[in-house]
Amino acid sequence: MQQVVCRFAKGDAVKYISHLDLMRALERAMRRARLPLAYSEGFNPRPRVSYASALSVGHTSDAELMALRLTSPMDPSELRTRLNACLPEGLAVLQAWATPPHQPKTSLGEMDAADYVVRIEGPLAGKEPCRRASEFMEREEVRITRVRDKGSKDLDLRPLVSAIEVVRENASEAELHLRLRTGSSGGARPEEVLAALGIGGREFRTAIHRSALYASGSRGRAVRQRLRRLRGE
Amino acid sequence: MPTPWDDILPYVTKPARYTNREWHAAHKPLDRVSARVALVFPDAYDAGMSHLGLRILYHVVNEREDYAAERAFSPWGDMEAEMRAAGLPLCSLESGTPLADFDLVGITLPYELNYTNVLNVLDLAGLPLKSAERDRRHPLVVAGGVCAANPEPLADYVDAILWGEGEEAILELAEAAREARSSDRDALLRHVASIEGVYVPRLYQPRRDHGRFAGVEGAVVARRVVADLDAAPYPTRQVVPFVETVHDRLTLEIMRGCGRGCRFCQAGACYRPVRERSAATVLRLAEEGLRATGYDEVSLLGFNSPDHSQIEEIVDTLVERYAEERVSISLPSLRIDTFSVQLAGKLRRVRRAGLTFAPEAGTQRLRDALNKQVTEDDLFQAARAAFEAGWHGIKLYFIIGLPGETAGDVEAIADLVLRLREMGREILGRERRGRLRIAVSVNAFVPKPHTPMQWCAQDAPESLQQKLSLLRGKLQVKGVQLSYPNLPASRLEAALARGDRRLGEVIERAWQAGCRFDAWDEHFKPQAWADAFAGAGQDVAEWANRDLDPAAPVPWDHLDAGVSKETLHRQAEVVAGALGAG
């Protein structure tokens, strides 16, 4: 049994498909590419593919991760080429590397921080995102109400935000870089940060792009190093 | 890739319904083709992308190098509100081209309860609603699908109806529609009326006598039929949706038509004759289709797939060939016999989902009247085989409100279900009987055009309600799940199914009152429809709950399904005779 981890992009063309849609699309592409996929047992066997933290509907990314279990060894670069030939527009494998089967399953689940690049167009005059961002970071607590399908809950947004950097701002557009907690143990949505900075809502046109996923734990450091090496940093 | 809706998509549910870029979606430069065809399904994307007819026509048109077909679906309520607020028209998915810019707009009519969505599509496209108000500035609007069996309620709103099968006719219509912008509209309509299977309502004048329909002037239109199904084009590079659709799998149509002759069902007349694709063709299509799509399930489609003369060869080969790739095979329809149960035993997906049988009625008298050639013994043997082979769940379809039905006939349904349950519990034994599930799906009888029961009234709502209550009372037992119809919606379906052009105004009024997606229980607005009937001076009971005079003309007399009226009359007499015997 071999395991290959892929970093892949979800672009504009497919930014509105849900995480479940994405998984189905990827797995169908793997079947079209005739990858030697390992399957789960039972009446409804599924390919043994695991994914890092789900990307929100409407966001793009070039930092998504998935781990594929294979029944026979395959050169990761060949896998990447073959899969890319079968992926719909907007999806692309950027890197693929082989790992021992036990490792990535845990480390993908441990991805608990993410970087976002946010581009905003709209009436930004007087909004002062830069000043508001530093005020936000100086506060001890930022209470917000998160509305879900099943009721709403109050939470403190502040500890879920590691960094806000306003790279560019003028009266009509701005670019922000965010580092946020993510993953199953609770995270911040970039839209919530924008709302807290007073630059959310329909008068703004917003493009949100996930540029990196991290694991902050000890095993995460190893993955980070590996990723950095692979990116040639 | 920008869509016309970029600014509103972040604010609607399931935005991927409106974005496309799916695998195998066809993207042709529209300015370099000679015929541009918009194929519209008047329901949500998830329902429309499960429709085989749409997939076939999309394939056939796009196979032609110089033609292009793109798709459009009904926007959900929130999307419609956003589109109207922003002043954005309904556009095709592929290139975001407004429907009004196509040469041909082809609308599928899968169900009577989609009619308000048809008007909504025309309106959102910015087209005048009525055919008489459209001219050379507009695309040719053609509708087709099973409701073409009696399209009269929509006759004023469409330019032409394709009556029958579209594989060949769609290309002839597309060719004609290239002239939509240059030729006089009346000349164009006369031209498309000459295409086999095409009916142009404006060229026909209905007559009335004392408020009753009294026949129509004009030549009879024979249903278009593809002679050789095995040689007919079939898509293997099927569009693979991102959004989960109702039938999310590779669909292979292995046969068309139904030879069973159930007297309530339109399939016998409206899809005749029975034709098969050969095992060799089916296996080739399966191989190409699975490779091209990556689907992990193949559905062998047909009204009675187990009736296919080579069904065992097809199923055995598919199961063996694709077991390693975990492809599951499904048969959407089952006959009530042990052969079908054994066949289903080979199919993993069916094993999980349960078996479906359609006895339709609780007594032999009614089953005989329906020509449902199945006895209680057949049903018990099939169910026994299923339980013994390890199934815990079966699903049963019944119709209530059949003509001549008594309380005893309805009680017999409950009795049948309870006895099947007893048998199931016995076979499954102490350990597994707790898992027994008998799903009982009850529908109200809807008289449909071109069937021997087209003249029969739908049962009155109060009577249907009583029968449902009776079933509910008797079937409140562990292991039985009863699902029943929305009765006002069934009544509307019956009225529209047998309606004439006067119902167009009812549909338009309902649409103006906000009716959309009437087939979805949560969207159906009974009061708005009642008001629409009243406003148009029509009585829904007159259309739905009245026995028609067999000697009088019906609004679909000029549409020939291939079954003579004499045959229908004879069959209707057999129904009456069988019911009288009770």
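Start by selecting strand S5 (residues 160-162) of chain B together with S6(B): in this predicted model the two pair in the antiparallel sense over two bridges. Strands here are DSSP E runs of at least two residues and helices are H or I runs of at least four, numbered from the N terminus, and two strands count as paired if DSSP finds at least two bridges between them. Show side chains and you'll find Leu162(B) opposite Val198(B) in S6(B).

A word on the ground rules: residues are numbered from 1 along each chain as its sequence is written, and chains are lettered from A and ligands numbered from 1 in the order in which they are written. Local features need pLDDT of at least 70 and side-chain atom pairs count only at pLDDT 80 or more, while totals for chains, interfaces and linings use all residues.

Now widen the selection to the whole sheet. Six strands of chain B make an open, mixed sheet in the order S2-S1-S3-S4-S5-S6. Its edges are strand S2 (67-73) and strand S6 (198-199) of chain B, each pairing on one side only.

Next, click on Leu104(B). Leaving out residues up to four places away in sequence, Leu104(B) touches Ala35(B), Val37(B), Pro139(B), Leu140(B), Val142(B), Leu173(B), Ala174(B) and Ala177(B). Contact means that the C-beta atoms, placed from the backbone, lie within 7 Å. In the largest nonpolar core, which has 223 residues, Val37(B), Leu104(B), Ala160(B) and Leu173(B) touch the most other members. Such a core is a set of buried Ala, Val, Leu, Ile, Met, Phe, Trp, Tyr and Cys residues joined through C-beta atoms within 7 Å, buried meaning 20 or more other C-beta atoms within 10 Å of a residue's own. Helix H14 (residues 407-432) of chain B gives the most to this core, with seven residues.

Stay in chain B and pick out the sheet S15-S16-S17-S18, an open one of four strands with parallel pairing. Strand S15 (355-360) and strand S18 (480-483) of chain B are its edges, and neighbouring strands are turned by 20 degrees against each other on average, direction ignored. Zoom in on strand S16 (residues 393-400) and strand S17 (residues 437-444) of chain B, which pair over eight bridges; Ile394(B) has Ile438(B) as its bridge partner in S17(B). Helix H13 (residues 376-388) of chain B lies across S15 and S16, at about 170 degrees to S15(B).

Last stop, colour chain A by domain: domain 1 (2-109 + 217-230) and domain 2 (113-214), with bounds from an automatic or database domain assignment. Their C-alpha centres lie 27 Å apart. The contact takes 12 residues from domain 1 of chain A and 11 residues from domain 2 of chain A. On the domain 1 side, strand S3 (60-70) and helix H6 (218-230) of chain A each supply at least two residues, and S3(A) gives the most, with five residues.

Terms used
Two residues are in contact if their C-beta atoms, placed from the backbone, lie within 7 Å. Axes are lines fitted to C-alpha atoms, for helices over the stretch in contact, and angles run from 0 to 180 degrees between N-to-C directions. A residue is buried if 20 or more other C-beta atoms lie within 10 Å of its own, exposed if 12 or fewer, and partly exposed in between; C-beta atoms are placed from the backbone.
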